[in-house]
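Biologist: I would like a close look at one part of this model. Please keep it brisk.

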Amino acid sequence: MKKNKLDTSNFVMIAKTYFGLEPLLANELKQLGAKNIKILNRAIKFVGDNGFLYKANYSLRTAIKILKPVKVFKIKDQDDFYKNILSINWDSFMTIDDKFMINSNSNSNIFKNSLFLTYKFKDGIVDFYKKKYGMRPDINLANPTIVFDVYLHENTCTISLDSSGDSLHKRGYRLNTGLAPLSEVLAAGLVLISGWDKKKPLFDGMCGSGTVLIEAAMIALNIPPQINRKKFAFQNWIDFDENLWNLIVKSQNNKIRKSEIEITGYEINNKIFEIAKKNILNAGLNSIIKISNKNFFNSSSIIKKHIIINPPYGIRLKENIDNFYKNIGDLIKNKFIGSDVWIISSNLESIKKIRLKPSKKIKLYQGKLECRYLNYKIYKGSKIN
Ligand SMILES: C[S@@+](CC[C@H](N)C(=O)[O-])C[C@H]1O[C@@H](n2cnc3c(N)ncnc32)[C@H](O)[C@@H]1O
């Protein structure tokens with residue numbers, strides 16, 4: 001639906017992210033112009049208007065969702081929750097033709113199981129429409145037009161509209177992946193945490209499907225992370241302002257810059273290498289990112305580069321994984337003089353076999369897997385522990 005008048009009223013939003021990426025996301029929000037930024041656990045609260053909500057979805061690299069809280073209330077029990085849901089005027093958020101979906105998260109004894117929270121929420125919405133129109137809107141989990149988020153903390157319930165829909169890690173450029181691909185959001189986070197100056201050549205020695213390389217190139221060229229994405233849930237909202245959205249997209253795309261930056265990677269597995277090539281091509285970055293179907297351990301000297309590596313964690317690896325990590329340590333110590341090396345792994349034991357003293361150790365998660373992101377500054381004479 002097109003709107004004639006620009007709605008510039010401000011409201012609170014919540015951007016969700018992964019553990020450890022909160023300061024990066026807060027910084028991204030600040031750069032983008034958010035107001036009243038407050039860091040929460042795996043989320044950032046902030047204030048902005050509709051245009052900002054569109055811009056945040058399109059431009060934030062380390063957010064996985066942007067929620068717009070629309071109701072906050074206290075409940076005594078499950079029945080009280082249902083009555084509150086029934087009393088909300090759902091007509092102001094969706095039409096009867098919408099297909100909706102609910103994401104629930106309960107941190108409360110009132111609903112010990114989030115699934116029951118979802119069911120009660122659904123009952124409330126359905127009964128609201130049945131009472132008012134004698135008909136009900138359908139649920140669609142695969143392709144919803146409206147996504148609701150309910151978060152119950154003790155007795156406080158927050159109902160939000162999920163403006164993103166699909167998680168924002170789904171950028172739209174990755175056609176396929178290798179084993180254990182990094183989430184695009186985490187990959188962007190790794191590049192940002194590493195403090196890359198966007199000038200030093202960047203190298204990923206075990207690039208898998210190319211996620212780190214693609215995110216790095218997008219950061220260097222200031223390409224909006226969602227430039228390849230086709231849809232966001234807010235585009236189905238009753239108050240969606242298409243003109244404003246087009247303006248935001250245009251103005252963010254105008255900030256893309258040219259760069260002569262060198263971004264390279266190796267991948268030993270031929271099939272995965274081909275996948276990475278396709279992903280890079282699909283992202284439109286094949287003139288910037290150059291990858292080779294090569295063994296990292298055959299690297300010649302890599303001097304003064306910025307290196308990010310996500311080695312296998314060992315689950316399917318035939319050779320001794322401790323030895324594999326030891327060889328990484330030997331290689332970077334001997335051949336990567338003057339380079340800034342960052343390695344992420346969830347194999348918390350094998351990573352010690354690198355035997356170099358990390359200058360930084362950062363705890364992150366890949367899904368449920370606890371990881372360490374370690375930084376090694378390699379100089380002539382770097383000592384093996
Ligand atoms: C954990 S995955 C990397 C996933 C990648 N970050 C992504 O997002 O798709 C590790 C990759 O290292 C590759 N690999 C293993 N040993 C290698 C070696 N010696 N040289 C180059 N690549 C290697 C594997 O084939 C695998 O694709």
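Predicted model: local features only at pLDDT ≥ 70, side-chain atom pairs only at ≥ 80, totals over all residues.

Which residues of helix 1 (residues 22-32) are buried?

Modeller: In helix 1, the buried residues are Leu24, Leu25, Ala26, Glu28 and Leu29. An α-helix has 3.6 residues a turn, so residues three or four places apart point the same way. Just past the end of helix 1 sits Gly33, with a positive phi of about 105 degrees.

Next comes helix 2. Helix 2 (residues 50-59) packs with helix 7 (residues 242-253) at an angle of about 45 degrees. Their axes lie 10 Å apart. The crossing of helix 2 past helix 7 is right-handed. On the helix 2 side, the contact uses Asn50, Gly51, Tyr54, Lys55, Tyr58 and Ser59. Helix 7 contributes Leu244, Trp245, Ile248, Val249 and Gln252. By class, the residues of this contact are six nonpolar, four polar and one charged.

Last, the ligand. There are 22 residues around the ligand. Met206, Gly208, Ser209, Thr211 and Phe296 come nearest among them. The shell around the ligand divides into 12 nonpolar residues, nine polar and one charged.

Methods. Residues numbered from 1 in each chain as written. Axes fitted to C-alpha atoms, helices over the stretch in contact; angles between N-to-C directions. Helix = DSSP H or I, 4+ residues; strand = E, 2+ residues; numbered from the N terminus. Left-handed = near helix turned anticlockwise from the far one by under 90°. Contact = placed C-beta atoms within 7 Å. Nonpolar A, V, L, I, M, F, W, Y, C, P; charged D, E, K, R; others polar. Buried ≥ 20, exposed ≤ 12 C-beta atoms within 10 Å, placed from the backbone. Near = placed C-beta within 6 Å.
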